[in-house]
Amino acid sequence: CILPVCHLLGDYLEGIRKDFEKAAKVYRSNCDDYNYGKSCLKYGNYTFLGKGRTSEKGDPAKAFSYYEKGCTLNDPDACLHSGLLLVSKLMPKEITRDVPKGFELLKKSCEMNNAGACFYLSGMYISGVLKEEYQQQQQQAAKATESKPPAEQRPPGAYVVERNMEKAFEFAYKACELRNMYACANLSQMYAKGDGTPRDEKKAEKYKKLALEMQDEVKKQQQLTFQQGLNPT
């Protein structure tokens, strides 16, 4: 079986036949037996959601293993998914948070021109990511004072990812070039305020306009999709 053709069979079973159980089997085989990264991503999605399984119960830890394998096989979306699972505070308890590893997976995804990964990396540099023990201290201090303690009170080495507006700008710029509208909006604000880059009102307006144009495109596409859904087939 030619690998992209096997994957397309899974897409056919999923999109046309709506046979998610068979599609899951195709994606899994194409990942396990033939090391096709895109199929690892798809089976990871199915496993995370419990799709194509008789139990309908998701398995985040197993899903992560497929995302990680897909990333090893250089699928940028698999790198994005595995990275987000490791850096997010909101992910299932089955996943152990590992910000340094997740950060590297997101960097790999961004290097392969995944706009979402570049955008998330920019956000991490904008806010900085505290080590777990300092996050707990911050939460306790916030409860006691009802305010966020200033960053300058934290000792050197308190961050997994140090706040760095220059790097935040670099990743936002790349994400915007890859047509992530949220990154373009952030880029506009950075130029307007001179954060991570010299202040430039013309460029701030340029990227604000670009972000709004992208927003309009998304709205039009959503409206078109909705109208197509109303049409009988």
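Helix α4 passes helix α5 in a left-handed crossing, where left-handed means that the near helix is turned anticlockwise from the far one by less than a right angle, and right-handed that it is turned clockwise. This is a predicted model, so local features need pLDDT of at least 70 and side-chain atom pairs count only at pLDDT 80 or more, while totals for chains, interfaces and linings use all residues. Residues are numbered from 1 along each chain as its sequence is written, and side-chain values use heavy atoms, with hydrogens and water left out. The chain has eleven helices and two strands; here helices (H or I, at least four residues) and strands (E, at least two) are DSSP runs, numbered from the N terminus.

**How α4 and α5 meet**

- α4 covers residues 60–72 and α5 covers residues 76–87, and the two pack at an angle of about 135° with their axes 7 Å apart.
- That angle makes α4 oblique to α5: under 35 degrees counts as roughly parallel, over 145 as roughly antiparallel, 65 to 115 as roughly perpendicular, and the rest as oblique.
- For these values, axes are lines fitted to C-alpha atoms, for helices over the stretch in contact, and angles run from 0 to 180 degrees between N-to-C directions.
- On the α4 side, F64, Y67, E68, G70 and C71 do the touching, and they meet A78, C79, H81, S82, L85 and L86 of α5; contact means heavy atoms within 4.5 Å.
- Sorted by class, the residues of this contact come out as seven nonpolar, three polar and one charged.
- The classes work like this: Ala, Val, Leu, Ile, Met, Phe, Trp, Tyr, Cys and Pro are nonpolar, Asp, Glu, Lys and Arg are charged, and the others, Gly among them, are polar.

**How α3 and α5 meet**

- α5 also packs with α3 (residues 37–49), at an angle of about 35° and with the axes 9 Å apart.
- Here, too, the crossing is left-handed, with α3 passing α5.
- From α3 come L41, N45 and F48, which meet D77, A78, H81 and L85 in α5.
- That contact holds four nonpolar, two polar and one charged residues.

**Disulfides**

- Searching the whole structure turns up four disulfides, each being a pair of cysteine sulfur atoms within 2.5 Å.
- One of them ties C31 to C40, with 2.0 Å from S to S, and its 95° about the S-S bond makes the link right-handed.
- C31 has a relative accessible area of 0%, so C31 is buried; buried means under 20% relative accessible area, exposed over 50%, and partly exposed in between (1.4 Å probe, protein chains only).
- Another link joins C110 to C118, with 2.1 Å from S to S, and it is right-handed because the torsion about the S-S bond is about 100°.
- C110 counts as buried at 2% relative accessibility, and C118 counts as buried at 0%.
- C176 and C184 form a disulfide too, at 2.1 Å from S to S.
- With 100° about the S-S bond, the C176 and C184 link is right-handed, and both of these cysteines are buried.

**Two buried residues in helices**

- K42 sits in α3, and at 19% relative accessibility K42 counts as buried.
- Not counting residues up to four places away in sequence, K42 touches H7, D11, E14 and Y27.
- S188 belongs to helix α10, which spans residues 181–193, and S188 is buried with a relative accessible area of 6%.
- Leave aside neighbours within four places in sequence, and S188 is in contact with A204, Y207 and K208.

**Loop residues with positive phi**

- N35 isn't a glycine, yet its phi is positive, about 55°.
- You'll find N35 in the loop between α2 (20–32) and α3, partly exposed with a relative accessible area of 40%.
- N74, another residue other than glycine, has a positive phi near 70°.
- N74 lies in the loop between α4 and α5 and counts as partly exposed at 46% relative accessibility.

**The chain as a whole**

- Reading from the N terminus, the elements go α-α-α-α-α-α-α-β-α-β-α-α-α.
- The chain has 233 residues, and 36% of them count as buried.
- Among contacts in the chain with a separation of 6 or more, 54% come from residues 24 or more positions apart.
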